[in-house]
Structures are given as C-alpha cells and as structure tokens.
Amino acid sequence: MMAKSSKWKRVTIMLLSALLFVPLVIPQASANEDVIVKNVEARAKRILEVDGKKFKDLNANKQLDKYEDWRLPVEVRVQDLLEQMTIEEKAGLMLISSQFMQGGGFGTAKCPPEEGTLLCETDTWSDTNMWAQPGDPNYYFDEPVLDASAATTGILERNLRYFIIRDNPKADVLAQWTNELQEKAEGSRLGIPVVMTSNPRNHINNNLAFGFAEASGVFSVWPGELGLAATRDAELVKKFGQIAAKEWRASGIQKGYMYMADIITDPIWGRTNGTFGESPELAADMIYAIVKGFQGDQLTSSSVSLTTKHFPGGGARDDGKDPHYLDGNFNPYPTEGSLLKYHIPPFKAAIEAGTTSIMPYYAYPSNEHSAPGQLGTDEPFEEVGFAYNKAIIGDLLRDQLGFKGYVNTDTGITTAMPWGVEDLTRAQRVAYALKAGVNIFSGEADPQYIIQAIAAEPELIEFVDDSVEFLLTEMMKLGLFEDPYVDPENAVQVASNPESQKLADEAHRKSVVLLRNDKKLLPLNNGQIKKIKLYVEVFTRNNAAGSSEALRKTIANYDKSIQVVDNLEEATHALVWVHPNNTTANPSIKLGPETGIANVDRIVEIQKTVPTITAINMTNPWLIDEIEPNAAAVISTFGVKAEALVDVIRGKFNPTGKLPFTIPADEEAVANENGDIPGYEEDPSYVYKNKAGQEYWFGFGLSYNQGKAVGKPEHAGETGKPAHAEKSSK
C-alpha cells in the first residue's frame with residue numbers, strides 16, 4: 001500500500017516542484033520565506049550567497065540545487081535529492097549501525113589510536129552471534145557480519161549516515177567526534193549529513209549494557225524510567241525531555257533510540273528497568289510527555305527525534321525469557337484481548353505525540369500460546385518476527401493506529417535474530433521486511449544485501465524510495481543539511497548546567513516510594529533521639545564494599561547532623577540499600593545469587609539488631625518476602641541519587657512517589673501469573689501483603705502526613721482519563 005501510494009505522492013511533489021521551480025543560481029521566488037535558519041556552516045564544501053542569504057553547495061556544482069535551498073518545502077527538497085541519489089547511496093542510508101571512537105569497540109576489539117583524529121577507522125566483524133549460546137543453531141553466522149564500519153569507509157564507500165553511539169565520553173569530546181563525522185559526510189558526493197543516535201544517557205544506571213543503556217553521568221542525571229513513572233508528574237517528565245534534548249543537541253546527538261512504551265506484564269523480564277511500569281494509562285502519559293519534551297510539537301533544529309520501542313509491546317513474555325535469545329523468541333497472549341487492551345495504548349500515545357519512528361521487537365506472535373482474535377479479527381498471527389510481520393506493521397501500526405512515521409528495526413534482525421524467516425538468505429530477509437513496512441535496518445553496516453534484494457526484485461525500489469524519503473525528511477527537519485556542527489565548549493556548559501540538575505534532583509525526590517513506616521520511625525530527626533548514629537551498608541552484585549563506603553561518605557558530607565558509624569554495635573539506626581541486578585540472559589526476581597544479593601541473612605541480622613530503614617532499588621518487581629518483614633521502614637527506589645534518599649529519610653522531603661508496578665507475594669505467585677496482563681489484574685493472591693495488612697499494589701505509596709494507607713490499586717477503571725488525553729483534546 002505504501003509503495004503504490006508513493007507513486008501518486010511523487011507525481012504530486014514533482015508537479016509542486018515544477019510550479020515552484022527556482023532557477024539554479026538566483027531564485028525568483030520562495031515557498032518558505034518565513035523559515036528562519038539560524039546558521040549555515042560548511043567545513044568541506046563552499047557557501048553560496050543568493051539574495052543575501054547563505055546556502056551550502058553540498059554537491060559542489062557551484063549552483064543552488066533545490067535540496068540545498070532551505071527556503072523550499074521539505075517535500076520538494078527531498079524529491080530533488082532523491083532523484084540525484086544512486087541505489088548504493090539509498091541502500092547505505094537505510095542502515096543504522098554502531099560507530100565507535102578510538103578506544104571504543106565490542107569486547108576486546110578496541111579501535112587502535114590514530115594521530116590527529118577521534119575517528120575509528122577499523123571495521124568490526126563477527127563470526128558468532130553475541131545473543132546466542134554455544135550449541136544454538138544460530139550461534140555461528142553463515143557469513144561474517146559487519147557490526148561496525150570504519151568511519152571513512154562507512155561514510156564515503158558504504159554510504160552510511162545513521163550511527164549509534166556506544167561510547168560514553170565527556171560532552172566536549174563527544175562534540176569534537178561528531179563534528180569530525182559530519183565533516184567527513186559533508187565532503188561526500190552529495191554532502192548528506194550523518195544522524196547520531198543513542199540509547200538513554202540521562203539516568204542513573206549501575207548496569208550499563210550494550211543495546212539498552214550504554215552511558216550515564218555526562219549529562220544531567222535523572223531517576224530511571226520507572227522512577228519517572230513513580231513521580232506521576234507528566235509535566236516534570238516533559239521538562240526532563242526538553243532539558244535532555246538541549247544537552248544532546250549541544251553535543252551532536254540528534255536521535256534517540258527511546259523510550260520503551262512496553263508494558264510490564266511479566267515481572268521476570270530483564271528489560272523492566274527501561275519501561276514506565278505496568279499501567280497502560282500511566283505509561284501512555286509518560287510516553288506522550290517525553291516525546292513532546294524531546295521532539296517538541298514538530299521536529300526542528302532543536303529537537304531530538306525519537307524512536308519509540310518495542311512495538312507492539314515486549315512485556316508479554318513466557319517466564320521472563322527475552323526474544324534476543326532462541327528460547328524466548330515468541331510473544332504469548334493467552335488472555336483474551338490482552339494485546340490491544342494492555343500493550344497498544346502507550347504506542348497510541350506516542351503516535352499522538354508525534355514520535356518520528358517506531359521500533360518493532362524481535363519476537364514473533366505465537367498462535368499456540370495466544371487466545372484467538374488478538375488483532376480484533378479471527379485471523380491467526382503470521383508467525384514471523386514483528387519487523388517481518390505485515391499484519392503488525394502495515395495493518396495494525398499504520399492502518400489502524402494511523403502511524404505516519406518510519407519503522408526502524410531492532411538490532412540484528414537479518415543476522416542474529418531472524419525469527420520466523422531463518423530459512424531465507426539475508427537479501428531475502430531484507431526484501432521480506434521491506435514489503436512488511438520496514439524503512440531502516442538497525443545493527444547493519446553492509447549495504448550489499450539491500451542492493452542484492454533490489455537486483456533480485458527491481459520493484460522493491462519503490463519501498464526503498466519511500467524509506468529514503470522518510471529519512472531525508474527527518475534530516476532536513478532537524479536542520480542537519482544547514483548546520484550539523486556543534487561547539488565543544490558550549491556542549492560542556494549545557495551538559496553541566498546546575499539549573500538542569502536542580503530540576504532533576506526534584507524528580508529524584510519525587511520518585512522515592514515509602515512502603516512501610518513502623519511506629520513513624522521516619523523521618524529520622526534529632527527530636528527523636530539525641531544523636532543519630534547510622535550504620536550504612538549496600539548490597540549489590542559488584543563491589544558491595546566500595547559502594548557501601550561511597551554511600552557512607554556521601555551521607556556524612558551531605559548531612560552533618562548524622563553520625564555515620566562503621567560498626568553495627570555503635571549504631572542507633574541502620575540504612576540498608578539493596579541493589580539487586582538482573583540480566584536479559586538470566587531473568588530472575590528472587591533475591592539470590594542471580595541478582596548478586598546472596599547474603600540475605602546479613603540483611604536480616606542488621607534489621608534484628610537496630611531499627612533498620614531498608615531501601616530496595618526496584619529494577620524489577622523483586623520478591624522481598626525475606627528482607628521486608630524485619631525492617632522498621634521500607635523504601636522503594638528506582639535509580640535515585642543518594643542525596644534524594646537522605647532527604648526523604650530526614651524529612652526534608654515528604655515522600656509522594658507511587659509504585660509503578662505490583663510487587664508479587666512469592667515465587668508461587670510469579671509462577672502462576674499471566675505473562676500478558678499487568679499485576680493489578682492478577683488474582684489478589686498475587687500481591688505482597690506486609691505485616692500491617694497493607695498490599696503493595698500498583699499505585700501504593702505512603703507519605704508522612706498520612707493516616708492509614710489504603711493501598712488500593714489505581715488502574716484502568718479507577719484512574720479516569722489519561723493526562724495526555726486531557727491535554728490533546730483541548
């Protein structure tokens with residue numbers, strides 16, 4: 001459907017272009033005279049001056065082409081450039097791959113240093129699949145896979161323009177590096193700029209992982225996504241997006257592989273930490289706000305263009321198994337109507353907010369594990385990965401939900417995770433995905449397979465042209481054809497703006513959830529006791545001793561009225577901060593060796609010795625039945641600064657946070673849960689109940705001025721109309 005309609009679209013554009021024809025050197029009229037271009041900067045090509053205005057001579061023909069004329073409508077510019085591009089240039093544009101700085105790279109394969117440049121000029125190839133285990137049928141690739149291209153070769157020979165940043169340099173170094181890449185691209189035949197993309201970079205994350213969140217600490221530091229959801233403050237989340245967008249653009253990043261609109265319906269899923277929880281309504285509000293924050297009402301040179309993921313929702317899992325891996329490669333929907341009722345609403349909100357792109361997940365929808373009629377029809381699923389699935393992309397995403405942007409695959413669908421199309425060649429997989437509605441392939445750096453697909457099926461050029469139109473439109477709206485360069489000094493100033501962190505600190509405090517407060521132990525203050533002597537210990541997988549020492553120093557420096565003691569015997573109170581860890585490869589929610597919290601006995605020992613505040617960092621809905629009962633106060637955090645936790649404990653901030661998911665009672669509850677519905681829809685036996693009879697449903701959270709906590713779940717039937725819907729209806 002997209003390819004056929006594109007014929008009429010291109011005819012219309014050509015007619016419009018003819019009506020708006022502008023002589024090559026001195027335009028007589030302009031369709032967009034009200035467009036304000038703040039700056040036009042060239043480093044590899046010359047500047048043309050026409051009618052007192054500046055333009056870049058990107059194809060070096062000493063004339064002003066339509067695609068170089070920023071006054072013309074974007075559609076006209078795109079059509080002009082599309083007609084000048086070769087098949088090779090189009091194919092390269094449709095790939096997005098990792099790009100490293102010197103010293104960066106996969107595993108031990110680091111880019112060697114070169115004098116006078118930050119560019120990595122080394123190809124990275126793989127023979128084995130990093131997402132498979134030895135012995136799996138997909139462990140060895142049929143042919144080597146180009147994971148990341150050498151910079152110059154990639155830009156000038158492979159025609160690559162979309163790159164994913166995996167490194168975590170300082171803001172000024174990041175700016176210098178992205179400038180080098182832009183200059184290399186400007187020097188190419190047509191001068192098409194590059195688009196620098198990243199996973200989230202603004203959240204506290206002690207578990208940086210490839211493909212999820214590789215960076216933290218350079219820009220303003222905010223709570224994790226679950227923490228933002230716990231604030232219930234959509235306006236604050238929008239402000240976060242606006243601040244982060246300024247930081248990213250100042251350092252040369254224009255596109256975000258984020259955020260996750262996935263609903264958590266399986267508590268064991270290893271990617272829970274990147275979501276906004278289990279409520280479709282709350283997640284929709286958060287997604288709407290964050291898209292508006294990063295992108296604005298429309299893409300401009302100040303926007304960061306977002307790719308919302310993972311359509312149609314990755315949270316529907318089978319025992320937490322993730323579709324990166326062979327044993328988790330399908331989505332189950334055993335509950336009638338669960339797909340459309342629970343998993344789709346946040347994506348509808350993202351579309352309503354104007355998200356530029358949507359990323360399908362790896363999994364295929366399983367008929368065997370699903371109730372019939374999940375798509376609103378009697379038709380069964382086509383059991384191929386979502387990026388290959390025309391019913392999911394074409395019928396559901398585009399036709400039913402009205403998505404007008406482009407479809408960006410997840411990393412490695414044609415190589416590492418080609419679920420449902422394993423028997424096809426890579427070129428055939430490309431063709432299958434294009435016909436389903438894919439526009440750009442992630443984790444791909446070798447354009448030959450798109451070129452091979454077109455050679456085998458020439459009619460695919462229409463799908464290719466549709467895709468290139470989407471991508472060039474994004475680039476032009478982002479202002480990259482006029483000025484893709486950034487100032488390294490300004491990047492540092494923007495990244496370290498204290499006003500940005502001040503607002504982020506407010507979000508940290510608002511994200512803290514008070515679950516239990518026996519005998520009003522909190523807030524701790526010197527009116528209760530002459531001198532608070534606080535014993536502090538952190539429980540985590542990596543470097544627990546070092547983390548404990550760092551937290552003690554932070555508390556001692558931040559609040560001088562607290563005496564932090566080294567020995568439990570000296571203490572009047574204790575603070576235990578538990579940081580369980582989860583991985584996609586080893587999903588588990590029990591606090592045991594898998595999470596790095598094997599020493600549960602030590603936690604209980606501390607709790608039984610002195611009144612203990614037990615804070616638990618909830619990257620998943622952990623099983624807390626062993627460490628919760630003996631605590632004097634229980635707090636849930638979601639990637640929070642230690643100072644914010646201290647502010648809540650000391651009463652400098654009255655806690656307002658609410659749980660973004662339901663905490664399960666025990667292992668039996670988890671074993672019996674439905675993998676496709678939120679925790680608040682589970683049987684009442686699913687929820688954890690503390691010794692006071694309070695149930696930790698989604699939406700639970702105490703404050704210091706509360707009488708008796710109700711703990712009533714706030715879900716679809718009780719929250720009313722989503723906040724984003726109220727705003728959009730005005």
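The model is predicted: local features need pLDDT of at least 70, side-chain atom pairs count only at pLDDT 80 or more, and totals for chains, interfaces and linings use all residues. Residues are numbered from 1 along each chain as its sequence is written, and side-chain values use heavy atoms, with hydrogens and water left out.

The chain holds 22 helices and 20 strands; helices (H or I, at least four residues) and strands (E, at least two) are DSSP runs, numbered from the N terminus. Of its 730 residues, 61% count as buried, meaning under 20% relative accessible area with a 1.4 Å probe and protein chains only. Among contacts (heavy atoms within 4.5 Å) with a separation of 6 or more, 74% are between residues 24 or more positions apart.

Strand β11 (residues 357–360) is covered on both faces, with Ser-357 and Met-359 buried on one side and Ile-358 and Pro-360 on the other. Pairing requires that DSSP finds at least two bridges between two strands.

| Partner of β11 | Sense | Bridges | Facing residues |
|---|---|---|---|
| β9 (residues 305–311) | parallel | four | Lys-309 and Met-359 |
| β13 (residues 406–407) | parallel | two | Tyr-406 and Ser-357 |

Asn-497 caps the N-terminal end of α16, a side-chain oxygen lying 2.9 Å from the backbone nitrogen of Glu-499. Buried residues of α16 include Leu-503, Ala-504, Ala-507 and His-508. The buried residues of this helix pack against α6, α7, β15, β20 and α19.

Helices α12 (residues 426–436) and α13 (residues 448–456) pack at about 75°, with axes 8 Å apart. The two are therefore roughly perpendicular, a class that covers 65 to 115 degrees. Arg-426, Ala-427, Val-430 and Ala-431 of α12 make the contact with Tyr-449, Ile-450, Gln-452 and Ala-453 of α13.

Thr-662 sits in the loop between α19 and α20 and is buried, with a relative accessible area of 0%. A polar atom of the Thr-662 side chain lies 3.0 Å from the backbone nitrogen of Phe-698, and one lies 3.5 Å from the backbone nitrogen of Tyr-680. Beyond neighbours within four places in sequence, contacts of Thr-662 include Glu-278, Pro-621, Tyr-686 and Trp-697.

Terms used
Buried < 20%, exposed > 50% of the residue type's maximum accessible area, 1.4 Å probe, protein only. Polar contact = N/O pair within 3.5 Å; in protein donor to acceptor, adjacent residues only side chain to side chain. Axes fitted to C-alpha atoms, helices over the stretch in contact; angles between N-to-C directions. Parallel < 35°, antiparallel > 145°, perpendicular 65-115°, else oblique.
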